[in-house]
Amino acid sequence: MKNAKKITVTYLFEGKIYPSENTRGLLLSGNKVFVTHERLAVYKATPTSDPNVYLVNLDENDKDYLMNSGPVMEAIGV
(Lines give C-alpha, C1' and ligand atoms only; values in the text may rest on other atoms or scores of the structure.)
Protein backbone atom coordinates (compact mmCIF):
# COMPACT_ATOMS: atom_id res chain seq x y z
CA MET A 1 0.00 0.00 0.00
CA LYS A 2 2.82 2.37 -0.77
CA ASN A 3 0.39 4.56 -2.76
CA ALA A 4 -2.07 4.92 0.13
CA LYS A 5 -2.54 8.50 1.35
CA LYS A 6 -3.37 9.48 4.95
CA ILE A 7 -6.63 11.42 5.03
CA THR A 8 -9.44 12.52 7.32
CA VAL A 9 -12.71 10.65 6.86
CA THR A 10 -16.01 12.31 7.68
CA TYR A 11 -19.33 10.46 7.79
CA LEU A 12 -22.83 11.47 6.68
CA PHE A 13 -25.45 9.61 8.71
CA GLU A 14 -29.20 10.32 8.85
CA GLY A 15 -28.60 13.48 6.82
CA LYS A 16 -26.05 14.96 9.21
CA ILE A 17 -22.30 15.18 9.52
CA TYR A 18 -20.91 15.05 13.05
CA PRO A 19 -17.33 16.42 13.07
CA SER A 20 -16.68 14.66 16.37
CA GLU A 21 -17.02 11.37 14.47
CA ASN A 22 -14.24 12.19 11.96
CA THR A 23 -11.48 9.60 11.81
CA ARG A 24 -8.10 9.19 10.26
CA GLY A 25 -7.96 6.82 7.32
CA LEU A 26 -6.04 5.68 4.30
CA LEU A 27 -7.23 6.48 0.80
CA LEU A 28 -7.07 3.36 -1.34
CA SER A 29 -7.65 2.75 -5.03
CA GLY A 30 -11.15 3.30 -6.40
CA ASN A 31 -11.96 6.01 -3.81
CA LYS A 32 -12.15 3.43 -1.05
CA VAL A 33 -11.02 4.38 2.44
CA PHE A 34 -9.59 2.11 5.13
CA VAL A 35 -10.64 3.20 8.62
CA THR A 36 -10.44 1.93 12.17
CA HIS A 37 -13.32 3.94 13.63
CA GLU A 38 -15.26 1.31 15.57
CA ARG A 39 -13.59 -1.63 13.84
CA LEU A 40 -11.51 -2.21 10.73
CA ALA A 41 -13.57 -1.24 7.70
CA VAL A 42 -13.29 -0.26 4.04
CA TYR A 43 -15.93 2.08 2.57
CA LYS A 44 -16.50 3.90 -0.71
CA ALA A 45 -15.87 7.61 -0.24
CA THR A 46 -16.30 10.85 -2.12
CA PRO A 47 -13.65 13.55 -2.29
CA THR A 48 -14.54 16.91 -0.77
CA SER A 49 -13.26 20.37 -1.64
CA ASP A 50 -10.36 19.66 0.74
CA PRO A 51 -8.04 17.08 -0.90
CA ASN A 52 -7.24 15.66 2.53
CA VAL A 53 -10.87 14.98 3.51
CA TYR A 54 -13.16 12.28 2.10
CA LEU A 55 -16.85 11.75 2.85
CA VAL A 56 -18.42 8.38 3.54
CA ASN A 57 -22.16 8.72 2.91
CA LEU A 58 -23.65 6.01 5.10
CA ASP A 59 -27.17 7.07 4.10
CA GLU A 60 -26.56 6.02 0.48
CA ASN A 61 -24.01 3.24 0.86
CA ASP A 62 -23.06 1.68 4.18
CA LYS A 63 -21.38 -1.36 2.64
CA ASP A 64 -18.22 -2.34 4.46
CA TYR A 65 -16.06 -4.04 1.85
CA LEU A 66 -14.24 -6.04 4.54
CA MET A 67 -17.39 -7.64 5.96
CA ASN A 68 -18.15 -11.06 4.53
CA SER A 69 -15.67 -10.56 1.72
CA GLY A 70 -13.05 -12.78 0.27
CA PRO A 71 -9.37 -12.03 0.73
CA VAL A 72 -8.60 -8.63 2.23
CA MET A 73 -6.44 -7.68 -0.76
CA GLU A 74 -9.47 -8.01 -3.02
CA ALA A 75 -11.64 -5.96 -0.66
CA ILE A 76 -9.24 -3.03 -0.67
CA GLY A 77 -8.52 -3.29 -4.37
CA VAL A 78 -4.76 -3.81 -4.43
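Asp62 lies in the loop that joins β7 (53-57) to α1 (72-76), where helices (H or I, at least four residues) and strands (E, at least two) are DSSP runs numbered from the N terminus. This is a predicted model, in which local features need pLDDT of at least 70, side-chain atom pairs count only at pLDDT 80 or more, and totals for chains, interfaces and linings use all residues. Residues are numbered from 1 along each chain as its sequence is written, and side-chain values use heavy atoms, with hydrogens and water left out.

**Overall fold**
- The protein contains one helix and seven strands, in the order β-β-β-β-β-β-β-α from the N terminus.
- Of its 78 residues, 33% count as buried, meaning under 20% relative accessible area, with exposed being over 50% and partly exposed in between (1.4 Å probe, protein chains only).
- Among contacts (heavy atoms within 4.5 Å) with a separation of 6 or more, 37% are between residues 24 or more positions apart.

**Exposure of Asp62**
- Asp62 counts as exposed because its relative accessibility is 56%.

**Salt bridge**
- The count comes to one salt bridge, defined as a side-chain nitrogen of Lys or Arg within 4 Å of a carboxyl oxygen of Asp or Glu.
- Asp64 pairs with Arg39 in a salt bridge, and their closest N and O atoms are 3.2 Å apart.
- This pair links distant parts of the chain, 25 residues apart: Asp64 is in the loop between β7 and α1, and Arg39 in the loop between β4 (32-35) and β5 (41-44).
- Asp64 is buried, at 7% relative accessible area, whereas Arg39 is partly exposed, at 40%.
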